[in-house]
Amino acid sequence: MTSQRTRNRLIQRLREEGISNEAVLDVMASTPRHLFLDEALAIRAYEDTSLPIGYGQTISQPYIVARMTELLLSRAKSLHRVLEVGTGSGYQAAILARLVDKLYSVERIGPLLEKARQRLRELGLYNLETSLSAGGFGWPEKGPYDAILAAASPASVPAELKEQLGPDGVLVMPVGNERQFLTIITRRGDSEQFDVERLEPVRFVPLLGGVVR
């Protein structure tokens with residue numbers, strides 16, 4: 001159920017769904033998604049579906065992880081400093097950390113963050129820092145960022161995240177309440193102007209404030 005053959009079938013499915021970035025596909029093929037799930041759900045790790053991880057949160061569908069990562073890589077002019085909002089299980093962080101120079105990741109639910117930290121350490125991923133934080137506010141002390149990826153949906157794009165983008169920085173996130181759309185926000189140079197591009201409909205947990213310890 002967690003064999004390389006099973007993972008390869010998932011990668012073939014992602015190709016068929018339009019994912020074409022070979023670096024993204026290679027990293028996803030070699031990342032053990034089953035390690036980011038409770039044992040009872042590990043058998044479903046390589047299905048192309050989101051799965052519960054507790055506290056009302058989910059591990060994102062592999063297609064969405066691949067799609068958002070591919071968009072980030074194709075749009076960002078640099079990947080030196082990247083912020084992830086919503087560490088969750090740590091799976092998206094594990095993918096990103098192998099594709100960017102330095103990753104910062106924030107999570108608002110303490111027990112989820114502790115589990116994610118342990119998994120990321122076990123995989124030998126050390127080019128990242130994590131923090132327990134009200135995710136919608138990002139991590140301004142470590143910014144500005146070349147790119148930001150958020151794995152939860154606010155009603156509108158948080159001004160705090162836009163402010164943490166460096167020149168030509170790119171933010172990829174779902175936006176909306178009942179109807180959510182994958183959205184790309186790009187800073188115009190170092191100005192206060194942003195271009196917004198709305199892509200396909202998606203379904204994410206809402207972006208909430210506050211910290212759960």
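Analyst: We shall go through a helix, an annotated residue and an aromatic pair. This is a predicted model, in which local features need pLDDT of at least 70 and side-chain atom pairs count only at pLDDT 80 or more, while totals for chains, interfaces and linings use all residues. Residues are numbered from 1 along each chain as its sequence is written, and side-chain values use heavy atoms, with hydrogens and water left out.

User: Which residues of helix α2 are buried?

Analyst: An α-helix has 3.6 residues a turn, so residues three or four places apart point the same way. Buried means under 20% relative accessible area, exposed over 50% and partly exposed in between (1.4 Å probe, protein chains only). Helices (H or I, at least four residues) and strands (E, at least two) are DSSP runs, numbered from the N terminus. In α2 (residues 22–30), Val24, Leu25, Val27, Met28 and Ala29 are buried, and they pack against α1 (4–16), α3 (62–75) and α4 (91–97).

User: Where does Ser60 lie?

Analyst: Ser60, listed by UniProt for "active site" in an unreviewed entry, lies in the loop between β2 (57–59) and α3. UniProt annotations may be inferred rather than shown by experiment, and positions are given in the numbering used here, with feature names shortened. Ser60 is buried, with a relative accessible area of 18%.

User: How many aromatic pairs does the structure hold?

Analyst: Rings of Phe, Tyr and Trp (its six-membered ring) pair if their centres lie within 6.5 Å; planes under 30 degrees apart count as stacked, over 60 as edge-to-face and the rest as tilted. The structure holds three such pairs. Phe36 and Tyr91 have ring centres 5.7 Å apart and planes at 65 degrees, so this pair is edge-to-face.

Note on methods: Contact means heavy atoms within 4.5 Å.
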